[in-house]
Amino acid sequence: MLFRSETVTINLYPEPDPIVQLNVLRDLSNLLETKPNLNLILELVLEGVYRGIGMDRALFALLTPEKDQIRAKYAVGNGTESLSDKFIFPIDKNMPNIFARTLLEKHTLWIKDASASEYQNYMTPHISNTIGTKSFYLAPIIVNQRAIGLFYSDRYSSRRPLDETAYEGFKHFNQQACMAIEHLARAR
């Protein structure tokens, strides 16, 4: 008897999936009707960014209580354990980096090329070594007019290009996360 071997390709990098995006957004809305916890909200949003938008890595980082550092709290995707361990950056108005800039200016950013002159001064060697890519999305989490953390996402491992559709989806998930966290804060 002859056996034929077959190669099975497993895609480690999710493709954009509008159905997953819709389901996660629906789950997030339904969750707000109960008394959700912050962790569940963040996990849902990261799952939506990772699987729904089709990113390689998605991470949530939180400001420390002293507000002098930003640290990874949750991450999903390929290689995020190493990224999470190293994702600790200072937040200092006198020595801004790209994460401090995002939090201080409260702007969502699509960094298409971190070595471009506009961002060059905000990319420290520690940031470049930690994230390993020059193209990524950043969005601050704003609650009651204050930045409390940020979302970071990229396609580092697969080297797939970022695009406008993914960026719009990323911004939408960030807006929903901000509304959900603000709702949670008011309920308490």
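Start by selecting asparagine 144: it takes a positive phi near 50 degrees, in the hairpin of E5 and E6, which has two residues between the strands. Strands here are DSSP runs of E, at least two residues, and helices are runs of H or I, at least four, both numbered from the N terminus. Keep in mind that this is a predicted model, where local features need pLDDT of at least 70, side-chain atom pairs count only at pLDDT 80 or more, and totals for chains, interfaces and linings use all residues. Residues are numbered from 1 along each chain as its sequence is written, and side-chain values use heavy atoms, with hydrogens and water left out.

E5 (residues 136–143) and E6 (residues 146–154) run antiparallel, joined by eight bridges; two strands pair if DSSP finds at least two bridges between them. Click proline 140 and you'll find leucine 150 of E6 opposite, while phenylalanine 136 has aspartate 154 as its bridge partner.

Next, stay on E6, where seven of nine residues are buried (under 20% relative accessible area, 1.4 Å probe, protein chains only). E1 also runs antiparallel to E6, through six bridges, with alanine 58 opposite serine 153.

Zoom out to the open sheet of six strands: the order is E3-E2-E1-E6-E5-E4, with antiparallel pairing. At the edges sit E3 (88–90) and E4 (109–111), each pairing on one side only.

Last stop: select helix H7 (residues 164–187), which packs on the sheet and touches E4, E5 and E6, contact being heavy atoms within 4.5 Å.

Terms used: Axes fitted to C-alpha atoms, helices over the stretch in contact; angles between N-to-C directions. Buried < 20%, exposed > 50% of the residue type's maximum accessible area, 1.4 Å probe, protein only.
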